[in-house]
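Trainee: Could you show me how to read salt bridges in a model? I would like the general idea and then the case at hand.

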Amino acid sequence: MRNVFDENLNMLPFFKKVDDRFPIALRKYFAGMIDGDGSIGIHKSNKTLRCSLELAEDAASCLVHIADIFDLTVRRCTRSGERYKNYKPSLKIEFAGAKVKFFLMGIYPYLLEKKEKCKEILIAKQCPEDIFEEPLMKNRNFSYEYLAGYTDAEGSIMMTKFKKENYYRFRYALISNDREHLKFIRSKLIEDGFEFRKLSFKNYKNVKKERGRNPDKWKPTTVLYLKGGAAEHVKLYEKLLPFMTMTKKIKRMQDTINYDLIARMIKRKKQKYVNQK
């Protein structure tokens, strides 16, 4: 790629440093993050390739980290007006020039939802087509690093207490407009022994139009729910936690793990008491 290598095809010092600081696990994580919350496209006016990522300010530690690696500007975004009254300030980064190609080629092998779109755009921007026929680039590669990024972007994690019944309900859900993408993730997790409820489908036919909001243009949403109680959720969370970055979601996962640990201890004590009688 031009501006990444010199005339002897040696990687330029800046990108060599970036490459060293951008390990495979982080590439997989950001593939999930870009699939969920990222934007890849061609700028309408100047026809340049762009990739951007915008996250709530209180959940943007991963964004700041990747900005540091690629030497990007982090922009703080605020919105005003009735339409945005519930919006929190956000942070946004945008890759451009040689950096955007280097970043996208780095995460491309691990993309799932936006893989074909990314390929078409990169080829249109003179990336050699034969590169995308290599096994690592061509295959769909699932990983828990990817799922952590996608969970940080599009996941819902809850631990809700029901006072009357005095028990907790646990929820891990993934939300997407791409039903086939969620089916693929589900199939990979089923291979690892996880079970899921039937895919939930939501359209917006009954949502009223308001100023600045047109539900007719919204794509139907599919939701994937993990099946089971605390133990089943803990099994998944233990695989995801080493790669998660969003503090609130990490805390909910850890709370679930702690609850399951205490519940198991109480159960063992009760069983020991019964055996002693």
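Trainee: In which helix do Asp 20 and Lys 16 both lie, and how many residues apart are they?

Mentor: Both lie in helix α1 (residues 13–21), 4 residues apart, about one turn of the helix. Helices here are DSSP runs of H or I with at least four residues, numbered from the N terminus. A caution on sources: this is a predicted model, where local features need pLDDT of at least 70 and side-chain atom pairs count only at pLDDT 80 or more, while totals for chains, interfaces and linings use all residues. Residues are numbered from 1 along each chain as its sequence is written, and side-chain values use heavy atoms, leaving out hydrogens and water.

Trainee: How many salt bridges does the structure hold?

Mentor: A salt bridge is a side-chain nitrogen of Lys or Arg within 4 Å of a carboxyl oxygen of Asp or Glu. The structure holds 13 of them. In one, Asp 20 pairs with Lys 16, with the closest N and O atoms 3.0 Å apart.

Trainee: Is Arg 27 buried or exposed?

Mentor: Buried means under 20% relative accessible area, exposed over 50%, and partly exposed in between (1.4 Å probe, protein chains only). Arg 27 has 13% relative accessibility, so Arg 27 counts as buried. Its salt-bridge partner is Asp 19, with the closest N and O atoms 2.6 Å apart; Asp 19 is partly exposed at 28%.

Trainee: Which helix holds both Asp 255 and Lys 251?

Mentor: That is helix α10 (residues 247–276), where the two sit 4 residues apart.
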